[in-house]
Amino acid sequence: MMWAILSILVENKPGILFKVTHLFRSRNFNIDSISVGVTDDENYSRMTITTYGDDKQIIQIVKQLDKMIDTVEVKQLDEHKTLFRELCIFNIKLSSASDSMEVNKLVNAYGGKVHDVKKDSLMVELTATPAQIKAFEELVKPFGIIDVARTGVAALQRSGA
Amino acid sequence: METMTGAKALMTAMEKEGVKEVFGLPGGANLPMYDEFARCDIRHILVRHEQSAAHMADGFGRVSRKPGVCFATSGPGATNILTGLATAQADSAPMVAVTGQVPVAMIGKDAFQESDIIGMANPVVKYSFQPRLPGEVPESVRKGFYIAETGRPGPVLLDIPKDVQQNEAPMDFPDEFTIQGYHPWNDPDVASVQKAVDMLVNSERPIILAGGGTIISSAFAELQSVAETLMIPVVTTFKGKGAFPENHPLSLGPIGMHGHAEANKMMAEADCVLAIGTRFSDRSVGTFEAFEKRLKIIHMDVDPAEIGKNQTTNISVVGDVRASLRIMVKLLLQKSLKKSEDSVWIKHVRETKEYWKENLKIHPGEMGAAKILRKLRELLPKESVVTTEVGQHQMWASLFYDVIQPGTFFSSTGLGTMGWGFPASIGAKVARPDVPVVDIAGDGSFSMTENSLATAVLEDIPVIVFVLNNSTLGMVAQWQRTFYDRRMVGVDQGGCPDYVKLAESYGAQGIRAQSMDELDKAIKSALSSDVATVIDIPIDPEEDVLPFVAPGTSLSDMILPS
């Protein structure tokens with residue numbers, strides 16, 4: 001099983017997110033994460049979907065998406081030639097003053113931001129790759145994670161890549 | 001620009017598409033469209049159930065290769081066509097379904113007869129439109145017809161809210177339009193076709209597998225030319241049945257679960273297959289593993305998403321299969337490539353065909369399925385159009401009714417919709433009033449849409465329903481006999497109804513044929529009849545369809561008649 005990032009340019013019309021997600025369901029594929037937003041041209045939206053599958057499955061997903069009449073361009077992005085990030089917000093439990101310092105250190109190491117510091121919790125905003133977010137999550141788990149919200153990956157192929 | 005209502009614009013746009021007939025049933029939310037029938041030249045053909053309207057449009061579309069059109073109202077009218085849409089989608093049939101919808105302001109309010117048909121139909125249509133303003137109607141129609149009939153054909157849904165039908169707007173009927181994300185045709189890659197030729201020429205035991213795409217693109221002459229030039233035997237999928245004349249010396253007939261013995265045998269022995277317009281369905285190829293083990297596979301298809309979906313291929317050619325085959329024919333001509341008639345393989349194919357012709361056991365009774373269907377073949381002109389229902393009779397038709405003129409046999413092969421054949425035959429007859437149209441039916445399937453007799457009689461559409469009546473859901477019964485130790489559950493039809501009386505009650509002709517002599521007379525009477533005819537043919541409820549490739553096994557493991 002490999003992880004794949006798919007970039008899908010669609011017409012910015014109602015109902016298209018439904019059709020794309022329905023395609024994944026009806027063809028027995030999985031969505032790992034999904035993010036959608038309008039592009040600089042408001043006639044189009046870009047969806048970034050990450051998924052798992054073997055080579056054959058990923059190729060088939062791309063073909064089925066490409067066949068959809070509402071999709072204008074479908075690409076599987078090469079991780080090594082792509083800037084891809086996900087925004088993640090953690091609400092982390094603090095049991096002592098030293099916890100706060102420890103978490104702050106980790107946040108700095110990962111280039112995150114601390115928000116809303118309370119006596120017994122703090123919020124962290126982290127923009128990173130899914131792997132980095134996973135690593136950060138493992139490190140803060142011992143403190144106690146109250147809640148997490150993730151946006152899903154947004155990705156663009158690097159210029160000239 | 002002329003100002004008119006959305007309903008009038010719909011009819012005007014359809015007339016521009018060449019629509020002459022619409023199959024449908026009116027209701028509250030499509031009354032404004034129906035009112036337009038009083039003022040235009042399009043013929044409305046009334047059905048008794050919307051599902052049948054969809055199947056009629058489907059049958060019309062498959063025969064004429066132009067989208068058939070069906071109308072239904074909102075809510076239950078719309079949900080009743082879902083099976084018809086799914087059937088057309090599974091078999092790539094061109095069709096445009098037009099549904100009424102509650103007014104725009106009522107959508108989402110759970111209004112009376114509201115259904116989210118766009119959402120429900122999404123996985124079973126090629127595309128759908130819901131114009132929200134009257135001015136959007138003409139372009140939706142234009143694009144809808146274009147999408148339905150180009151590339152790999154399919155059903156398109158137009159869902160039009162009632163106020164959009166009623167309100168007026170200045171209408172522009174564009175000839176030109178763009179659909180940015182739709183690329184229905186690819187130019188076949190000549191180099192790939194060349195490679196395919198080399199592979200075929202260099203293989204010892206080549207075979208051609210013609211699928212439904214061959215019929216959709218009318219690639220009959222090209223297919224025949226390739227087969228005859230290279231002396232390659234031709235098998236088909238069930239959907240491809242009749243892509244190649246079944247009385248041709250190179251024809252082996254359909255492969256698959258109920259394929260011809262000689263076709264399955266030769267398919268299993270081939271070393272290279274040219275597969276044309278097929279998705280390698282499980283019913284055709286048995287297990288994929290056994291199928292691909294010794295085979296080099298060349299795959300031609302108009303739909304890039306079919307390449308490699310079910311079957312890994314060695315060479316693929318994406319594009320209209322007729323265009324691809326034309327390139328192949330040209331390459332063969334240029335290189336004067338021609339194979340002789342007496343290769344070891346062709347001799348073996350011929351012997352195998354002869355062997356099964358003589359040795360396949362058929363039902364010993366006078367009214368066995370093989371004898372009945374061969375009699376029908378004998379009496380029907382070769383240009384006749386045949387549809388089938390779904391079940392034993394369908395597979396017997398595949399085995400024993402030879403299609404002589406390509407593109408004259410249609411069946412619900414993908415979705416396997418019981419009740420499809422009769423309304424589809426009505427649609428087919430509307431498209432081809434000049435030829436006899438016969439629905440080869442079983443009693444179980446015919447029961448599902450038999451009320452279309454009203455349409456056939458009242459609209460003067462004299463089709464023939466040929467009911468092989470074992471008063472049983474025969475295919476299910478066969479599986480219960482074979483795999484469930486003869487525990488027969490839910491299959492007995494109890495001799496109900498009496499199909500002769502049923503036909504007569506609708507004003508159709510009903511004939512029961514209990515001997516070959518009676519059958520002969522019945523078919524002749526039906527062929528000369530001005531009204532629809534139901535021929536009820538009682539048969540042995542214990543007769544199985546054989547050969548039979550059990551699910552999950554390979555084509556060479558056939559269960560044969562004992």
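Guide: We may begin with helix α9 of chain B, residues 190-202, which has 13 residues. This is a predicted model, in which local features need pLDDT of at least 70 and side-chain atom pairs count only at pLDDT 80 or more, while totals for chains, interfaces and linings use all residues. Residues are numbered from 1 along each chain as its sequence is written, and chains are lettered from A and ligands numbered from 1 in the order in which they are written.

Visitor: What distance does α9 of chain B reach from its first C-alpha to its last?

Guide: Helices are DSSP runs of H or I with at least four residues, strands are runs of E with at least two, and both are numbered from the N terminus. The expected span is 1.5 Å times one less than the number of residues. For α9(B) the expected value is 18 Å, and the helix comes close to it, reaching 18 Å.

Visitor: Which residues of α9(B) are buried, and why do they line one face of the helix?

Guide: A residue is buried if 20 or more other C-beta atoms, placed from the backbone, lie within 10 Å of its own, exposed if 12 or fewer, and partly exposed in between. Seen down the axis, the buried residues fall within an arc of 100° (the arc of the directions from the helix axis to the C-beta atoms), so they line one face. The face turned away carries the exposed residues A191(B) and N202(B). The buried residues are V193(B), A196(B), V197(B) and L200(B).

Visitor: How many residues does the largest nonpolar core have?

Guide: A nonpolar core is a set of buried Ala, Val, Leu, Ile, Met, Phe, Trp, Tyr and Cys residues joined through C-beta atoms within 7 Å. Those with the most contacts inside the largest core are A53(B), C70(B), L85(B) and I535(B). A second, separate core of 15 residues includes I5(A) and V20(A). The largest core has 164 residues.

Visitor: Which element gives the most to the side of domain 1 of chain B that touches domain 3 of chain B?

Guide: By an automatic or database domain assignment, domain 1 of chain B covers 2-171 and domain 3 covers 369-546. Their contact (C-beta atoms within 7 Å) takes 24 residues from each of these domains. Among the elements giving two or more residues to the domain 1 side are β2 and α5 of chain B. The one that gives the most, with 11 residues, is α3(B).

Visitor: Which element gives the most to the side of chain A that touches chain B?

Guide: Here 15 residues of chain A are in contact with 12 residues of chain B. With six residues, the element that gives the most is α2(A).

Methods: Two residues are in contact if their C-beta atoms, placed from the backbone, lie within 7 Å.
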